[in-house]
Every structure is written in C-alpha cells, then in structure tokens.
Amino acid sequence: MSRALFLAAVCLPWLGGCIAPPTQPTPAPATPPPTLEVADYQALRDWLELQQAVAEMTPATVMSELARAGKPQSPQQWFYYGLLNQQLKSFASWARARDAFREVSQAEGLSAGRLQLASIFERYNQSRINWHQEYSQLAQEQLKLQEQLQLLQGKNAELEQKIQAITDLETTISTRKEQ
C-alpha cells in the first residue's frame, strides 16, 4: 500500500503539470460596421433629406405634388411617390406607399443603403396598414357590442316593467283577499 501511495504522490504532481490551466475564451474579432462609400452615403443622405422635406409638407401640398408627379418610372420617382403617399392619413395612401417602397426595394442597381431605407419604409407602411385593419375590426366589434348592450338594456327594462306589473297584481289580489 505504501508503494501505491508513493507512486500516487510522485505521479500526480507530474501528471498535473501536463494539464493546461483553463484559458479565457478569446473574443471573436469584432466585425467592422459596413462602410458606406461616399457616393452611397451622399445618395442615402439625399433621400433622407427628401423624406424630411416631404414630412414638413401640408396635406394640400402633398396632394398637389402627387397630381404633378404623375406615374413613377424610376426608383427615385417611386421613392418620392411613396413618401408623398406616406404623409396622407388614409388606408389607401399607406397601401400605395407600401407598394411604391416595395417597388424601390426590388429595383436593381441601387446601393445597399437605399434598398435598406426603402425596405424600412415598406415595413413601416405595412405596420400602419395592419394597425388600421385591426383598429377597424375592433371598432366594428365595439359597435356590435354596443348594439347588443342597448338591446339587452331594452329587454331588461321590459322585464322590470313585467315584474312591476306582476308585483302590482299580487298586491291587488292580496288586498282583495284581506277585504
């Protein structure tokens, strides 16, 4: 037994040196953010400035611009058309804006930044459409529930009148029996 103890005492420290200490995981190299080329940056900035200018327009100005613009042909025109329709406060306008931005996001030859911006505006208008549909559905449900409430309140009033009539009849019968 002492021999086994002696071997363990000698071999364990020797084997312990073979095991490497735990190392800290090396962080993955950070991927640099995508760089925009100067031309792409300027083009994206132009579209954002256009969006800001349209956002400041009155609804009457937007309507006149839409009438003046006509049917879009190029991605730039589709983008402007989408921005104009996005400013109007109607379901149909939001649908036209979504479709216009979808047209832009599927265009070939545009920079990644412009495609991404068009995609963001497309999703934004789709969310407005979804909200409007949900709001309309809830408004219809509320109207139906209000009609049901009025109907039930009318029935309740009728029942109260019948109960009152029965109570009055019972009182009259009770009074006659006592006489």
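A residue counts as buried when its relative accessible area is under 20%, as exposed when that area is over 50%, and as partly exposed in between (1.4 Å probe, protein chains only). With its 35% relative accessibility, D99 therefore counts as partly exposed.

The structure is a predicted model, in which local features need pLDDT of at least 70 and side-chain atom pairs count only at pLDDT 80 or more, while totals for chains, interfaces and linings use all residues. Residues are numbered from 1 along each chain as its sequence is written, and side-chain values use heavy atoms, with hydrogens and water left out.

**Salt bridges**

A salt bridge is defined as a side-chain nitrogen of Lys or Arg within 4 Å of a carboxyl oxygen of Asp or Glu.

| Salt bridge | N to O distance |
|---|---|
| R98 and D99 | 3.0 Å |
| R102 and D99 | 3.9 Å |
| E122 and R102 | 2.8 Å |

The pair E122 and R102 joins helix α6 (residues 112-178), where E122 lies, to helix α5, where R102 lies, so it ties together parts that are 20 residues apart in sequence. Helices here are DSSP runs (H or I, at least four residues), numbered from the N terminus. R102 and D99 are both in helix α5 (residues 91-105); because they are three residues apart there, about one helical turn separates them.

R98, D99, R102 and E122 are linked in a network of salt bridges. R102, at 31% relative accessibility, counts as partly exposed.

**The packing of α2 and α4**

Two packed helices are described by the angle between their axes and the distance between the axes. The axes are lines fitted to C-alpha atoms over the stretch in contact, and the angles run from 0 to 180 degrees between N-to-C directions. Helix α2 (residues 38-55) and helix α4 (residues 75-87) have axes that come within 9 Å and cross at roughly 30°. The two helices are therefore roughly parallel to each other, a term for angles under 35 degrees.

On the α2 side, the contact (heavy atoms within 4.5 Å) is made by W47, L50, Q51, V54 and A55. On the α4 side, the residues include P75, F79, Y80 and L83. The residues of this contact divide into nine nonpolar, four polar and no charged. Here Ala, Val, Leu, Ile, Met, Phe, Trp, Tyr, Cys and Pro count as nonpolar, Asp, Glu, Lys and Arg as charged, and the others, Gly among them, as polar.

Notes: Parallel < 35°, antiparallel > 145°, perpendicular 65-115°, else oblique.
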